[in-house]
Amino acid sequence: MAMSRDEIFEKVKDVLVDALGLDDDDVTEDATLMGDLGAESIDFLDIVFRLEKAFNIKVPREELFPAEAVMNNPEYVSGGKVTAKGLAELRARMPHTDLSNFEKDPDVNKIADLFTVGAVVNFIESKISA
């Protein structure tokens with residue numbers, strides 16, 4: 001039986017609460033993993049592992065969190081901004097993420113804000129319905 005978006009959100013929330021030591025109320029769809037929830041890059045490995053276990057799926061880290069590949073490529077970043085080519089790459093690699101606000105000011109320092117709870121839910125939803 002397919003899971004509803006709400007059911008997926010609740011499981012993702014449980015994973016984040018456990019992985020990051022948060023209260024349930026801290027985890028909202030709009031919350032950013034790093035800025036709002038305090039996740040660090042090392043936490044992403046734990047989060048990916050816990051998501052795989054919770055949903056019984058395989059999650060390649062670079063598929064859920066592909067920004068490193070973009071930020072480390074000089075074709076995709078220039079002068080502290082993600083280039084048009086870089087934005088196209090992010091769109092291709094992150095169809096589960098709303099890039100509309102980021103595209104207005106593609107500052108590399110704002111890339112972390114793309115990793116929201118809602119984006120993780122979208123990603124999981126696409127994985128389990130595939």
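**Basis.** I am working from a predicted model, in which local features need pLDDT of at least 70 and side-chain atom pairs count only at pLDDT 80 or more, while totals for chains, interfaces and linings use all residues. Residues are numbered from 1 along each chain as its sequence is written, and side-chain values use heavy atoms, with hydrogens and water left out.

**Largest pocket.** A pocket here is an open set of points on a 1 Å grid over the protein atoms alone, where a 1.4 Å probe fits, with protein on both sides within 12 Å along at least five of seven lines, and lining residues have an atom within 4 Å of a point; the volume is the space filled by probe spheres set on the points, which are joined across faces, edges and corners. I then listed the lining, which has 17 residues, with Asp98, Asn101, Asp113, Leu114 and Thr116 nearest the centre of the largest pocket. Helix 6 (100–104) and helix 7 (117–129) are the elements that give two or more residues to this lining, helices being DSSP runs (H or I, at least four residues) numbered from the N terminus. By class, I noted four nonpolar, seven polar and six charged residues in the lining of the largest pocket. Because domain 1 (1–58 + 115–130) and domain 2 (66–112) both give residues to its lining, the largest pocket lies between them; the domain bounds come from an automatic or database domain assignment.

**Second largest pocket.** I noted a volume of about 220 Å³ for the second largest pocket. Its lining has 13 residues, and Met34, Ala67, Glu68, Met71 and Phe115 are the closest to its centre. Helix 4 gives the largest share of that lining, three residues. I sorted the lining of the second largest pocket into nine nonpolar, two polar and two charged residues.

**Helix packing.** I checked helix 1 (residues 5–20) against helix 7, and they pack at an angle of about 120° with their axes 9 Å apart; the axes are lines fitted to C-alpha atoms over the stretch in contact, and angles run from 0 to 180 degrees between N-to-C directions. That makes helix 1 oblique to helix 7, a class left for angles that are not under 35 degrees (roughly parallel), over 145 (roughly antiparallel) or 65 to 115 (roughly perpendicular). I also checked helix 1 against helix 2, where the axes come within 10 Å and cross at roughly 140°, and these two helices are therefore oblique to each other.

Note on methods: Ala, Val, Leu, Ile, Met, Phe, Trp, Tyr, Cys and Pro count as nonpolar, Asp, Glu, Lys and Arg as charged, and the others, Gly among them, as polar.
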